[in-house]
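User: Got a model here I'd like to walk through. Can you take my questions as they come?

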Amino acid sequence: MSSQYLTLYKMIVLYMLRRSEGRLSKAQIYDFILEKEYTNFLTLQEVFSELADSDLITEKSEGNRTYLEMTDAGSETLDFFGNRINPSIKEEIDEYFKENGMKLRDETSIGAYYKKTGENEYTVYLSANEAGSTLIDISIPAWTEEAAISMCDNWKEKNSEIYRYLLTQLM
């Protein structure tokens with residue numbers, strides 16, 4: 001793979017992260033880039049790896065998702081090399097965010113996952129974020145995997161109600 005193309009794909013990822021005004025999951029970026037057939041899965045893996053190794057992005061795993069955020073160095077790099085992205089590609093990315101912005105935000109603003117922390121013991125991690133700020137971040141023990149799954153599912157469906165309830169009880 002030519003370094004010219006790798007640089008272009010890196011700039012596309014950085015542009016998407018800037019345009020998203022927050023974090024995106026790798027899966028969300030994969031979906032867009034692979035759907036548009038800009039490159040293939042293996043090349044994208046290399047792109048993500050090089051961006052992280054160069055400290056242009058940070059990766060944070062939550063359950064089975066990995067979220068990406070652009071660093072200050074990534075932003076500077078995009079400012080310097082962003083002109084390598086064809087304007088029509090920028091338009092496609094901008095249109096993608098217009099059409100899918102709320103869906104993308106919803107997918108990344110509510111976090112719910114669990115980890116096995118001992119024999120017959122799980123910890124459930126629940127969070128809600130808005131405009132890059134954490135609204136709530138909770139970890140709760142669960143004694144079965146089924147209970148952990150249920151807590152995650154219920155949080156995804158009822159997070160607003162639960163958050164409001166907690167606020168009214170604590171104030």
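User: Where does Glu37 lie?
Analyst: Glu37 lies in the loop between α2 (26–35) and α3. Helices here are DSSP runs of H or I with at least four residues, strands are runs of E with at least two, and both are numbered from the N terminus. One caution on the source: this is a predicted model, where local features need pLDDT of at least 70, side-chain atom pairs count only at pLDDT 80 or more, and totals for chains, interfaces and linings use all residues. Residues are numbered from 1 along each chain as its sequence is written, and side-chain values use heavy atoms, with hydrogens and water left out.

User: What is the phi of Glu37?
Analyst: Positive, about 60°, although Glu37 is not a glycine.

User: Is Glu37 buried or exposed?
Analyst: Exposed, at 67% relative accessibility. The cut-offs are under 20% relative accessible area for buried, over 50% for exposed, and partly exposed in between, using a 1.4 Å probe and protein chains only.

User: Which residue has a positive phi in the hairpin of β4 and β5?
Analyst: Asn120, with phi near 55°. That hairpin has two residues between its strands. Asn120 is not a glycine either. Its relative accessible area is 54%, so Asn120 is exposed.

User: Let's zoom out. How many helices and strands does the protein chain have?
Analyst: Six helices and six strands. From the N terminus the order is α-β-α-α-β-β-α-α-β-β-β-α. The C-alpha trace spans about 50 × 35 × 30 Å along its principal axes.

User: What share of the residues is buried?
Analyst: 37% of the 171 residues count as buried. As for contacts with a separation of 6 or more, 52% come from residues 24 or more positions apart. Contact means heavy atoms within 4.5 Å.

User: On to α1. What does α1 reach from its first C-alpha to its last?
Analyst: 26 Å, over 18 residues (3–20). That is close to the 26 Å expected at 1.5 Å a residue. The expected span is 1.5 Å times one less than the number of residues.

User: Is α1 mostly covered or mostly open?
Analyst: Mostly covered, with 13 of the 18 residues in α1 buried.

User: How do the axes of α1 and α3 cross?
Analyst: At roughly 70°, and they come within 10 Å. α3 covers residues 41–53. Axes are lines fitted to C-alpha atoms, for helices over the stretch in contact, and angles run from 0 to 180 degrees between N-to-C directions. So α1 is roughly perpendicular to α3. On that scale, under 35 degrees is roughly parallel, over 145 roughly antiparallel, 65 to 115 roughly perpendicular, and the rest oblique.

User: Which residues meet there?
Analyst: From α1, Leu6, Tyr9, Lys10, Val13 and Leu14. Their partners in α3 include Leu44, Val47, Phe48 and Leu51. The contact of α1 with α3 has eight nonpolar, one polar and three charged residues. Here Ala, Val, Leu, Ile, Met, Phe, Trp, Tyr, Cys and Pro count as nonpolar, Asp, Glu, Lys and Arg as charged, and the others, Gly among them, as polar.

User: New topic: sheets. In what order do β1, β2 and β3 come?
Analyst: β1-β3-β2, in an open sheet with antiparallel pairing. β1 (24–25) and β2 (57–62) are at the edges with a single partner strand each, so one side of each has no neighbour in the sheet. Two bridges join β1 to β3 (residues 65–70). Leu24 has Leu68 as its bridge partner in β3. Two strands pair if DSSP finds at least two bridges between them.

User: And how many bridges pair β4 with β5?
Analyst: Eight, in the antiparallel sense. β4 is residues 110–118, and β5 is residues 121–130. Tyr113 has Tyr125 as its bridge partner in β5. The open sheet runs β4-β5-β6, also with antiparallel pairing. β4 and β6 (133–142) are the edge strands, each pairing on one side only. Neighbouring strands are turned by 15° against each other on average, direction ignored.

User: Which helix packs on that sheet?
Analyst: α6, residues 145–170. It touches β4, β5 and β6, and its direction makes about 140° with that of β4. Asn154 is found in α6. Asn154 counts as partly exposed, at 32% relative accessibility.
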